[in-house]
Amino acid sequence: MKIIVIGGGHAGCEAALAAARIGAKVTLFALSLDSIALMPCNPCIGGSAKGHLVREIDALGGQMGKAIDATFIQSRMLNTAKGPAVYSLRAQADKKNYMTYMKQILENEPNISLREGEVVEILTANSKVSGVKIISGEIVECDAVIVCTGTYLNARCLYGETITHTGPGGLKNAVGLSESLKKLGFNLQRFKTGTPARIHRRSIDFSKMAVQPGDEKIVPFSFETDPAKIAREQIPCHLTYTTPATHDLIRESLHRSAMYSGLIEATGTRYCPSIEDKIVRFADKERHPVFIEPEGINTQEMYAQGLSSALPEDVQIQVYRSVPGLENCEIMRVAYAIEYDCIDATQLTLNLEAKHIGGLFFAGQINGSSGYEEAAAQGLIAGISAASENGKAIELGRADGYIGVLIDDLVTKGTREPYRMMTSRAEYRLLLRQDNADLRLTPKGYAAGLIPEQRHSQFQQKAAAIQAEILRLQKTTVTPDEANEILMNKNSAPLKSGAKLADLIKRPEINYNDFNNLGALPPEVESQLDLFVLEAVQEQVEIQIKYEGYIKIQLEQAEAFRKMEKKLIPPDIEYENIHGLRLEARQKLAALRPVNFGQASRVTGISPADLSVLMVYVKQKTG
Amino acid sequence: MIKNSDTIAAIATAPGVGAVGIVRVSGDDAIGVIGRVFRPFPGDMISHKMYYGKIFRDDDFIDEVMVCYMKSPRSFTCEDCIEIYGHGGMFVLSEVLSTVIENGARLAEPGEFTKRAFLNGRLNLAQAEAVADLIGAKTAAARRAALRQLGGGLSHRLKFSRDKILSWLAHIELSIDYPEHEEEARNASEILGEADAVINDLQKLAETVNVGKIIREGVRTAIVGRPNVGKSTLLNAILHENRAIVHETAGTTRDVLTEEVRVADVPLVIMDTAGLRETNDPIEKIGIEKTHEAALDAELILYVADATEGLTAEDFNTIKSFSKNKNILILMNKSDITSGHGIQGDGSSVLELHETEELPPCIPISAKTGEGLEELFSHIRDLFFAGNIGTGGETDIITRERHRILLAQAITHLQNAKRELHEGIPEDLVSVSLRATYIALGEILGVEIGDDIVDRIFAEFCVGK
């Protein structure tokens, strides 16, 4: 199996690593080998829902979690008061270190060849990928191609009246491939995103800002990382706000922003609006937050989250200087908007393969998503799928993980603006927690060939320990004598007769650790587990017991959902001929060709009655 | 979403005042459901044997019934099936149905029993297309019934409550998905403060959605016919007042007017419709579409024709286009200005046609002078007391029952959310209850959740990196 990955961003890195680790020979083409795993925008990984994605990538055997664990300069667990399903891990990265780390991982992988070069054409034969042509004219043959071109296709950067035909940060863009994709029958869309200016640290007055330190207790992204081994000094972020002066300046100069002068052709985004958009759309809002985040340890550049803009440079500097703490700021890199080509992902299967060209996969921003984590997750799935022989590709549904939600949304509903992962998009959020990503996905990663034996057996020990401990708590009865002192200290109603430990832990005011002294895991189990794994076991036990009722309801819902996903629709079905199916439904289903009834039910504009008619038809055809 | 082995229930007998009515339950848990409502429950039920007993909702007696269990695959659907034979009145039957539903069954989708029978191999392939048609027709009927019942203030009030819940969800989800903006989100106590008003509102709505009310509302009657045959004059004659516009120019009545009136002890809800006619005028076209809808919805169609012109080919075609199940009376109007019967048409006597074409009853009337109205009223009375009209349509009862169930679900979920907020349960769990409320209310309105929450967050809050 020979696979070519086009692009060395977060999607490309995961795609190449996954395919190579499964055993494929991978060549990764990047426009520049100096920009492998570049973070062209914010210097952070994770956050709400995105943190879930990184955990899932790690649980499946991907690299992103380990990369950020190795290179973070600040780490925080967000949303800890809002329930276990939405705990969100977020870390500031040292951008340069992150890139170096990831490039080394790629370089050290025996099955990966890294090559600098621009792919300008994808070659096919009999509706199947046969190779790629690079800018020199050289043709490289292969069995599969994974397109991970990010924001580089026909990219333009704009601010004020200035337009540069480059990718992000002045890097070379890719100009040939869009035309090739069009010829292959892909519908291209034009999306827009943007980034704020970078400011010199010495020019910032941090005394006028609120300081945001990292957590004392670090939680790593990777299930394999021992937090004790990644303890380090953390660098704080800072919070300040825009002022009325900021807003006046922007209003006066709006006509000079590339966003509003008509220069930008692409579809904007609600997920990373420019400061101009914020002022226009929310005219009544008195201030907008601005987070000042370090770009790394060995640089003085600071990222100004919240101040993305396409205003001309002379206005930008005034706008930035109207923000408390930034009065004397020096802009090192100007803010800009960027436009790029992407495809309509509804042309892809749930494994991110083109429906009409075998062996051609797409991952990352080319599919209309936004964000490093969204890109990496898709890269991982595309990599596994491309390298898997004969349909052994991984299946990840909406009830299995955020990755399943992400990909299903992109390929079933499509998107008309850059798509950001949000926890509110996940129907089974209580099941898809960041704490149990390994329990949900590591078996799948193992089946796909990405989890080494040793990690798998450690995982199985952990899973077994969780089961054993839950069982113990459900079976162990404590007497009022044993429990009441502890309960009273916690303002919890004392016992009159014996009670199961599990029932006590269900009380909102009681925690697992309150009853630690009343026995714990069998010593033979405990001795096998690292301390941090033991803590993870206890956390898991506590969550599963405390939220048992809610989890059970969602498990039932997920089961009903999975039933529909298992009802397959024959691939050769001719929707045009289905008697009794509404015309609109025929057209929409014929265009998307869903693989099962679950996916069909999520196609925009398909009603339950349409599904019933389809079900009758399929039964009639298949007997 | 359609599910396949869950247990469904519906009233299986045609609406009307029959002596016996049947509620059918089908699916894996059919026995379980009956075990919870039927006393004395024989436990080990023998297939195809009749059992006598009573249906209870908790401790409330509902009806005295016979029950028959048909073990899979020896039933209509090939699944485990229970039939409950109760008293025929629609009100009692719908009470039995809702008891069954409260105890684990789900209301069947339109055509679902037949669909299951087909999917389980009970019907042959030739019948498959008929199944698709049946699903289509029943879905359309249910949609019309839903639209009608949601008319007036109901849908407005539902949307208002639903929007409030969406707003709470947006605040909760904002604080989860954008923790850096959490100070902009409303907290639990603010939401709690509003919850009672919404619960109260939904409870009031639930009271308006009961099946008994439909039956009391009256016989939905449509007056239809070609333009200028005197439909509005007839309505006025029936009402003894001048509400509808009557004009010499064809096509002036464009909206469907409804009037409630008691005719010979029979309560009628009369829908006066625009003249049926091929037209290109867009406004009139809407009127004519409404006419067709009103005719589809009506239990009784009064088809008015102009006796001076006789029944035209267009009249015949229209009458034939109405469903066979409809009760139709043909009124030959303007009998005062034609000679004899005045019911001539296309050279042949309508009375002859009546015999050959099996036309509905034909009554000569004069809406202007009132001649023939007594005969019309006595026909309506006969239909009513024969139980042919006045029972409420089947789809109406099902629709209303569906709405009642969904409202009850919404209220339960919302009460859960309120309790959770009160107890300080984390937001991610409260969100589950609120979302369930939002989905249930959406199902009544026939809308799905889609990207509502995400859209609302971005509409209400300025977030993003």
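**Close-up views of a predicted two-chain model**

**View 1. Surroundings of A:A16.** Leaving aside residues up to four places away in sequence, A:A16 touches A:V5, A:V26, A:L28, A:L106, A:I112 and A:G383, where contact requires C-beta atoms, placed from the backbone, within 7 Å. The model is predicted, so local features need pLDDT of at least 70 and side-chain atom pairs count only at pLDDT 80 or more, while totals for chains, interfaces and linings use all residues. Residues are numbered from 1 along each chain as its sequence is written, and chains are lettered from A and ligands numbered from 1 in the order in which they are written.

**View 2. The largest nonpolar core.** This core has 230 residues, and A:I3, A:A16, A:A19, A:V145, A:I146 and A:F361 have the most contacts inside it. Such a core joins buried Ala, Val, Leu, Ile, Met, Phe, Trp, Tyr and Cys residues through C-beta atoms within 7 Å, buried meaning that 20 or more other C-beta atoms lie within 10 Å of the residue's own. Its largest share, 10 residues, comes from helix α9 (residues 372–387) of chain A, helices being DSSP runs of H or I with at least four residues, numbered from the N terminus.

**View 3. Crossing of α9(A) and α10(A).** The axes of α9(A) and helix α10 (residues 402–413) of chain A come within 10 Å and cross at roughly 90°, the axes being lines fitted to C-alpha atoms over the stretch in contact. The two helices are therefore roughly perpendicular, a term for angles of 65 to 115 degrees. A:E374, A:A377, A:Q378 and A:I381 of α9(A) meet A:I403, A:L406 and A:I407 of α10(A).

Definitions and conventions. A residue is buried if 20 or more other C-beta atoms lie within 10 Å of its own, exposed if 12 or fewer, and partly exposed in between; C-beta atoms are placed from the backbone. Two residues are in contact if their C-beta atoms, placed from the backbone, lie within 7 Å. Axes are lines fitted to C-alpha atoms, for helices over the stretch in contact, and angles run from 0 to 180 degrees between N-to-C directions. Angles under 35 degrees count as roughly parallel, over 145 as roughly antiparallel, 65 to 115 as roughly perpendicular and the rest as oblique.
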